[in-house]
Amino acid sequence: MTAFYRDNGSLMSDQLSLTALAEEYGTPLYVYNRGAIESAWQEFSKSLAGHPHLICYAVKANSNLAVLDALARLGSGFDIVSEGELKRVLAAGGRPEKIVFSGVGKTAREMEAGLDAGIRCFNVESPSELERLATVASAHGSKANISLRINPDVDAQTHPYISTGLKENKFGIGMDEAMTTYRRAAELESIEVHGIDCHIGSQLTKLEPYADAVKLLIEMVDKLAEEGIVLSHIDVGGGQGIQYSEEESSLDVAAWATCIREAIGERDLEILVEPGRYIVGPAGVLVTQVEYLKSNEDRHFAVVDAAMNDLIRPALYSAWQAIEPVETLDRTTETYDVVGPICESADFLGKQRELAIAENDLLCVRSAGAYASVMSSNYNTRPRVAEVMVDGDKSHLVCARENVDELFARESLLP
Ligand code: LLP
């Protein structure tokens with residue numbers, strides 16, 4: 001069964017209607033579907049079966065404890081970028097030996113937290129970070145397992161803000177510098193060299209950028225082996241794209257896996273992969289209510305109760321996400337800009353959308369399971385919205401709606 005489908009004109013998730021969920025939990029509301037999260041994870045697991053691998057879900061895409069819990073129960077690993085994400089994974093029952101720690105700016109404290117937990121690997125992004133990690137690990141009396149994140153300078157052919165594998169991006173270590181950094185790492189007492197890593201960008205729908213990057217990484221693996229630095233894993237990052245609009249299609253994960261496996265050939269290298277969006281993106285929607293319909297001459301606006309603080313992707317990346325009425329009702333169709341109540345012209349969820357709606361109707365923003373609730377803020381002192389997980393004929397409140405008092409509870413008046 002698809003995660004979200006129409007039955008007699010009503011949008012459903014498994015056995016539950018989004019209208020009933022909105023009535024029970026209020027709007028705006030994030031709705032996730034457990035089965036969809038699990039089956040997306042299984043796609044990776046099936047396509048990598050037979051080759052040693054570890055799927056490290058990129059926590060940043062959706063770090064809700066229930067999402068992490070569902071994945072931990074499948075045996076997933078996790079890719080984290082902060083001490084906060086580490087704590088979440090552990091709280092959700094994730095295994096430390098399946099955690100990789102990414103990010104360009106790990107603090108000494110975060111490194112200690114990772115060592116305390118006994119995580120599997122630090123993905124080191126600069127020579128300075130390597131030195132810091134060596135010092136921290138040595139003081140900690142332990143050894144840090146590392147891979148170096150390589151910046152292979154390949155074009156991921158995606159939005160510039162989510163492209164990370166070009167020289168102009170802050171991420172990773174350039175190919176030339178990487179060789180010297182590996183030699184240095186091999187000398188350090190408190191460092192154990194395990195792997196090689198890259199992540200060239202997000203929302204990639206083509207295989208070529210992966211093929212190009214992995215080829216370069218494999219060449220480096222071979223060169224290192226000649227020098228006696230033998231790696232045991234290759235982390236190919238995340239970035240697998242999903243279908244937001246009818247014009248694009250998601251990355252073919254089976255073909256992607258074949259491409260990676262062919263590049264590795266007979267080499268004894270475990271594959272690590274860090275998918276985020278692919279696992280949770282299509283498994284979530286944002287349900288919002290139409291407050292007002294208004295027109296400024298020939299431009300029509302649907303003012304809804306969700307805003308850029310709840311879902312910033314359209315404002316930040318000009319991202320297009322499908323918007324449709326939750327119930328198919330007899331209404332006149334009009335072209336609307338779907339906008340929120342925030343005092344910014346960038347506060348829109350979608351522009352120029354053909355919609356048959358009236359005031360008080362519910363709208364559903366699709367593909368809102370990834371980089372949606374996690375990127376929300378309290379701008380305009382708006383409480384963050386509730387999140388529910390649908391599982392068959394049940395729904396579970398997995399994040400309660402914030403209340404306004406909580407929003408300024410940490411602030412104080414002047415003495
Ligand atoms: N690994 C690393 C090191 C990453 O930086 C990322 C995402 C991932 C894995 C997961 O990538 P994914 O499979 O989800 O594409 N907020 C943006 C996306 C930012 C992605 C940041 N890094 C958006 O809403 O499109």
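Here is a short walk from the domains to the ligand.

Before you click, note that this is a predicted model, where local features need pLDDT of at least 70, side-chain atom pairs count only at pLDDT 80 or more, and totals for chains, interfaces and linings use all residues. Numbering runs from 1 along each chain as its sequence is written, and side-chain values use heavy atoms, leaving out hydrogens and water.

Start by colouring domain 1 (4–32 + 283–407) and domain 2 (48–278), bounds that come from an automatic or database domain assignment. Their C-alpha centres lie 33 Å apart. Across the boundary, 17 residues of domain 1 are in contact with 16 residues of domain 2 (heavy atoms within 4.5 Å).

Next, select the ligand. Both domains give residues to the shell around the ligand, so it lies between them.

Now show the 19 residues around the ligand (a heavy atom within 4 Å). Ser 202, Glu 274, Arg 313, Tyr 317 and Tyr 371 come nearest.

Zoom in on the polar contacts (pairs of N or O atoms within 3.5 Å). On Ser 202, a side-chain N or O atom is 2.3 Å from a ligand oxygen. Pick Arg 313 and you'll find a polar side-chain atom 2.6 Å from an oxygen of the ligand. Lys 60 has a side-chain N or O atom 3.2 Å from a ligand oxygen. Overall, the protein covers 92% of the 580 Å² of accessible area that the ligand has on its own (Shrake-Rupley method, 1.4 Å probe).

How values were computed
Polar contact = N/O pair within 3.5 Å; in protein donor to acceptor, adjacent residues only side chain to side chain.
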